[in-house]
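We will go from stop to stop, picking out residues as we go.

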Amino acid sequence: MTTRRIAVITSGLSQPSSTRLLADRLADATARQLATLGIDAEVEILELRDTAQDVVNNLMTGFPSPKLEKAIETVTGADALIAVTPVFTTSYSGLFKSFIDVLDPQSLTDMPVLIGATGGSERHSLALDYAMRPLFTYLHAVVVPTSVYAASSDWGSTGDGVAAALPDRIDRAARELANLAAESDRSSRVVDPFALPAGFSPVGGYGAQ
Amino acid sequence: MQFGIFTVGDVTTDPTNDSTPTEHQRIKAILTIAQKVEEVGMEVFALGEHHNPPFVPSSPTTMLGYIAAKTERLILSTATTLITTNDPVKIAEDYAMLQHVADGRVDLMMGRGNTGPVYPWFGKDIRDGIPLAIENYALLQRLWREDFVNWEGKFRSPLQGFQSTPRPLDGVAPFVWHGSIRSPEIAEQAAYYGDGFFANNIFWPKEHYMRLISYYRQRFEHYGHGKAEEAIVGLGGQAFMAKNSQDAVKQFRPYFDNAPVYGHGPTMEDFTEQTPLTVGSPQQVIDRYAGMREHYGDYQRQLFLMDHAGLPLKTVLEQLDILGEEVIPVLRKEFAKNRPANVPDGPTHEALVAKRDAALVASVPEPVEAAVAN
């Protein structure tokens with residue numbers, strides 16, 4: 001049976017956290033969907049609050065601590081990524097963005113990503129589409145069409161005429177991610193940090209001979 | 001093995017008494033420090049180049065020219081010369097002039113600079129950093145080695161029959177190091193020309209530089225300049241010392257906590273564990289730096305950053321005394337132990353002239369020259 005590595009980042013600040021709860025649900029659903037495709041899922045969940053100090057230190061010094069480096073490698077070397085944040089003041093949390101900011105901007109290119117968010121009110125659900133989705137689009141990631149927002153009320157709701165119930169939204173998004181993850185070979189690719197850009201010449205390529 | 005000091009020339013408030021030196025005081029302090037470097041028996045003083053506060057050294061050759069007159073043996077270098085925003089023609093002229101003034105006691109370290117706004121102030125774009133470093137250096141190489149240069153490139157006006165003056169002393173260009181924190185392109189460039197590679201080694205973990213240096217060594221061999229272990233490697237480092245290591249920790253902590261670049265970030269304990277910064281007794285510094293050759297192989301030059309973060313001149317001079325009297329003599333012995341005979345010494349003008357002459361006698365083109373002719 002083949003295996004796919006799924007990295008999950010969640011930036012809830014409290015413990016326990018509803019953001020972590022949503023992340024767990026999305027990860028479980030994705031693993032289930034992969035199983036129906038005959039694929040094992042290796043899921044690694046990263047609570048960004050555990051590396052909060054390291055992320056700030058990286059911003060100040062330019063290099064990650066060994067612990068943060070491991071977390072970064074887990075994320076960038078996965079076959080697919082699930083990214084969940086609480087909505088703070090119309091957007092992703094600062095901790096979430098700070099973690100994204102210490103990643104190499106090229107390192108998520110082609111990464112299949114499922115985005116999710118939590119918030120007190122359903123009125124913030126579009127933050128997924130005007131903040132989270134553009135962020136990953138900028139990074140050349142492949143964001144699945146369905147994003148999952150969970151307001152406080154969603155945890156006790158069966159959906160209504162406008163939105164399907166939370167479990168249905170989770171399953172649909174997970175199916176979309178699983179299909180992309182099944183095709184992804186990122187975790188088996190060897191990344192050479194010393195690969196020179198194509199056409200690089202140590203004497204210059206502009207007639208400087 | 002060459003030991004020395006490199007400085008970025010920051011004007012920083014002393015956090016223990018809230019006093020800030022004037023630019024004039026700081027510049028004079030740097031000149032004093034440089035002379036002290038020779039006095040305590042080290043070989044190299046290297047000065048950064050910056051065009052933005054809080055850094056004062058915008059004009060390294062002026063300062064190095066003064067230091068040349070005040071010293072006798074010290075090798076004067078830069079850390080780094082901005083090969084991106086400077087005109088390579090002016091670099092060729094300025095440093096050939098300095099080389100004559102200093103009777104050959106000059107080498108250079110090339111760097112790109114990392115502050116975005118500085119590039120446009122000099123009519124350049126930081127996104128062209130690597131292409132500028134490559135093209136400008138290719139021109140600089142030729143200006144020092146060919147009497148009349150016809151040249152056309154992307155970033156500066158063409159040259160027809162240009163002769164850079166003065167010609168390098170004894171017809172031998174200053175030795176060049178290429179400094180890089182993360183770019184394999186620069187390691188490749190250093191390897192191609194058979195130049196030195198300098199790893200700053202003060203900001204990032206050693207594992208990172210180990211990979212970069214090992215890459216440079218492999219490429220040095222690939223380009224036919226010698227075996228990988230014969231490549232010319234320099235390392236930075238930083239330390240703060242007191243007889244009793246707890247005193248060093250206590251005395252340095254406020255400077256660390258407020259230092260430009262890493263202040264208000266990691267704890268001093270984390271930073272010293274993750275990078276080569278060593279705060280403690282002279283013996284701890286000896287142990288840490290004697291271990292460097294295990295990580296990087298035998299190398300040629302070790303520079304320390306000692307005069308930053310608002311440390312007062314008096315403290316810096318005391319630190320240089322400890323370094324010169326207690327640390328470096330022991331490190332010299334350690335580095336000499338089992339050093340393979342084929343590993344070259346740190347580059348000097350005399351050695352480069354002798355090497356050129358030997359190559360002429362043997363009528364075999366010397367590797368650096370051969371590479372340039374390709």
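Begin by selecting A:Asp185 and A:Arg189, which form a salt bridge with their closest N and O atoms 3.1 Å apart; the term means a side-chain nitrogen of Lys or Arg within 4 Å of a carboxyl oxygen of Asp or Glu. A:Asp185 is partly exposed at 38% relative accessibility, and A:Arg189 is partly exposed at 44% (buried is under 20% relative accessible area, exposed over 50%, partly exposed in between, with a 1.4 Å probe and protein chains only).

A word on what you are viewing: this is a predicted model, in which local features need pLDDT of at least 70 and side-chain atom pairs count only at pLDDT 80 or more, while totals for chains, interfaces and linings use all residues. Residues are numbered from 1 along each chain as its sequence is written, chains are lettered from A and ligands numbered from 1 in the order in which they are written, and side-chain values use heavy atoms, with hydrogens and water left out.

Next, select A:Lys97 and A:Asp101, another salt bridge, with the closest N and O atoms 2.8 Å apart. Both residues sit in helix H4 (residues 94–102) of chain A, four residues apart, about one turn of the helix; helices (H or I, at least four residues) and strands (E, at least two) are DSSP runs numbered from the N terminus. A:Lys97 is partly exposed at 26%, and so is A:Asp101 at 41%.

Move to chain B and pick B:Glu43 with B:Arg332, whose salt bridge has its closest N and O atoms 2.9 Å apart. B:Glu43 lies in the loop between helix H1 (23–39) and strand E2 (44–47), and B:Arg332 in helix H12 (residues 313–336), so this pair ties together parts 289 residues apart in sequence.

Now show both chains. Here 34 residues of chain B are in contact with 21 residues of chain A (heavy atoms within 4.5 Å). The two chains bury about 2,200 Å² between them, 67% of it on carbon and sulfur atoms; buried area is the accessible area (1.4 Å probe) that two parts lose on being put together, summed over both. On the chain B side, select B:Ile134, B:Glu185 and B:Gln274, which lose the most area to chain A, together 19% of what that side buries.
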